[in-house]
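User: I'd like to learn how to read an interface between two chains. Can you walk me through one?

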Number of protein chains: 2
Amino acid sequence: MSVLKVGIVQHSCSNDKFDNITHTLVAIGDAVDAGAELVILQELHCSPYFCQVEEVSQFEWADTIPGETVNIYAEAARNYEVVLITSLFEKRAAGIYHNTAVVFEKDGSIAGKYRKMHIPDDPAYYEKFYFTPGDLGFEPIDTSVGRLGVLLCWDQWYPEAARLMALAGAELLIYPTAIGYETSDDEAEQQRQLDAWRSIQRGHAVANGLPVVCVNRTGFEADWSGQTKGIHFWGRSFVAGPQGEILFEAPQGDACVEVVEIDKDRTEAVRRIWPFFRDRRIDAYQGLMQRYLD
Amino acid sequence: MSVLKVGIVQHSCSNDKFDNITHTLVAIGDAVDAGAELVILQELHCSPYFCQVEEVSQFEWADTIPGETVNIYAEAARNYEVVLITSLFEKRAAGIYHNTAVVFEKDGSIAGKYRKMHIPDDPAYYEKFYFTPGDLGFEPIDTSVGRLGVLLCWDQWYPEAARLMALAGAELLIYPTAIGYETSDDEAEQQRQLDAWRSIQRGHAVANGLPVVCVNRTGFEADWSGQTKGIHFWGRSFVAGPQGEILFEAPQGDACVEVVEIDKDRTEAVRRIWPFFRDRRIDAYQGLMQRYLD
């Protein structure tokens with residue numbers, strides 16, 4: 001059995017970047033103390049979810065790569081000797097910013113980056129204003145704990161993204177996330193949304209015979225423009241096995257550091273009984289390259 | 001609200017073709033009496049699941065299109081004035097047989113055919129021996145009750161199939177199915193398989209903002225070769241809405257005729273709040289046309 005101990009860090013964020021970073025550094029240490037070999041932080045963990053409003057001053061949250069924030073996490077990875085997945089607001093150039101996961105090797109070097117490919121835009125999630133769509137493709141990142149299929153939040157609704165990572169040899173699908181309820185939605189709608197979010201990601205696990213780790217933020221963040229009633233981030237970070245079975249689920253409203261064991265050998269076993277990759281009709285998938293088949 | 005009343009017919013099958021057909025004819029009538037405008041039969045409803053063994057005599061179950069069995073269902077559709085989805089073992093020519101869904105219009109004419117594209121092959125499911133892979137692509141079938149995305153069983157594990165049907169304008173994803181437990185699997189594995197099967201299909205609903213109807217057979221069928229201990233088909237036919245929410249689920253061990261209301265207008269509403277199609281990265285999906293990206 002090839003067990004990988006994955007540490008997941010779920011928390012709320014404040015408007016104080018130093019506080020947010022400090023929280024994650026302590027949590028990384030806690031996860032490593034509990035045995036984690038890989039630690040995964042939630043999406044945009046250094047800041048509140050600033051995309052609730054389109055406002056040019058919010059670009060101040062961005063970091064260059066390399067840069068001060070990157071150096072802090074590089075040092076954390078080196079000090080704790082752990083592979084670390086961070087999610088940063090990347091300033092690449094004036095007018096080109098990305099939503100970027102930076103993966104650090106145990107020695108503090110950068111193992112690779114993933115720039116969010118699918119960018120949402122809907123009330124309270126104005127990401128198209130801030131993030132240039134990723135241009136690095138769906139490339140897994142090789143690390144000492146395995147080949148990691150790192151994706152980000154909105155990507156989680158796209159079977160194409162999960163499949164491409166799997167076809168490129170990812171051993172794990174990983175989704176740092178920031179998703180929550182709109183306060184104006186009724187309880188039934190909130191439940192449907194939460195279930196849909198779990199179902200589709202469990203579906204990616206099943207379709208690809210891969211474990212899935214999703215790390216979401218928690219806590220309430222007000223919309224300072226007053227346009228919406230703000231977002232209750234729903235937490236519920238979870239780990240699913242390669243049949244979509246839930247191995248761990250975090251609470252909704254609380255911060256949480258948890259180390260979950262994933263048996264990487266299960267993928268081989270599951271793909272032997274469910275050899276979906278063998279039977280893909282690659283001769284008949286051309287339409288997937290089209291916007292719509294009308 | 002644009003409500004479509006969908007009748008689903010779940011049952012066990014015997015070795016008597018006449019009995020199996022008679023059962024479905026009565027059930028179609030019951031569904032229509034209960035208001036069904038569309039009736040969906042399970043996969044290969046005229047026969048036992050003969051693919052448990054590779055045996056040339058089993059080809060005797062096949063039907064030509066047109067042919068005697070087709071005529072019976074055409075007459076049923078006409079008599080009941082209902083759109084009807086059947087699942088037949090199609091004899092196309094000597095040496096070319098397909099697993100084919102034939103869809104009948106209310107007047108008994110054939111609205112369209114779908115030939116199963118993804119063909120499984122594993123112990124007790126030796127479909128590659130019997131079924132030539134489909135050559136009609138992933139084309140929805142236009143009927144008086146809507147544009148139907150008819151797929152078959154093993155297709156249900158492929159996000160590509162669901163997506164292609166959705167991109168081609170399907171208003172509903174429909175999966176006649178024959179799936180069950182291997183008697184030798186323990187209870188935990190059986191539960192994982194059932195959950196995986198539900199999760200991935202609910203995931204197709206979510207990814208595409210479409211209702212999904214899955215009609216599975218029930219009952220135990222022995223493996224007459226003695227190689228395996230036979231299959232307990234798990235029934236559990238279900239209907240999910242466009243957020244993957246379960247609208248109806250049939251029992252595991254019993255035959256069942258149920259009429260479920262599907263609100264087709266929900267797709268428009270759901271795709272407005274979750275506009276996944278808008279953000280697909282069709283510039284970066286080329287890898288989906290490959291077997292593996294090594």
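**Reading the interface**

Analyst: Chain B and chain A bury about 5400 Å² between them, with 60% of it on carbon and sulfur atoms. Buried area is the accessible area (1.4 Å probe) that two parts lose on being put together, summed over both. This is a predicted model, where local features need pLDDT of at least 70, side-chain atom pairs count only at pLDDT 80 or more, and totals for chains, interfaces and linings use all residues. Residues are numbered from 1 along each chain as its sequence is written, chains are lettered from A and ligands numbered from 1 in the order in which they are written, and side-chain values use heavy atoms, leaving out hydrogens and water.

User: Which three residues supply more of the area that chain B buries against chain A than any other three?

Analyst: L288(B), M289(B) and R291(B), with 13% of that area.

User: How many salt bridges are there across the interface of chain B and chain A?

Analyst: A salt bridge pairs a side-chain nitrogen of Lys or Arg with a carboxyl oxygen of Asp or Glu within 4 Å. The rule finds six here. One of them joins K128(A) to D279(B), whose closest N and O atoms are 2.7 Å apart.
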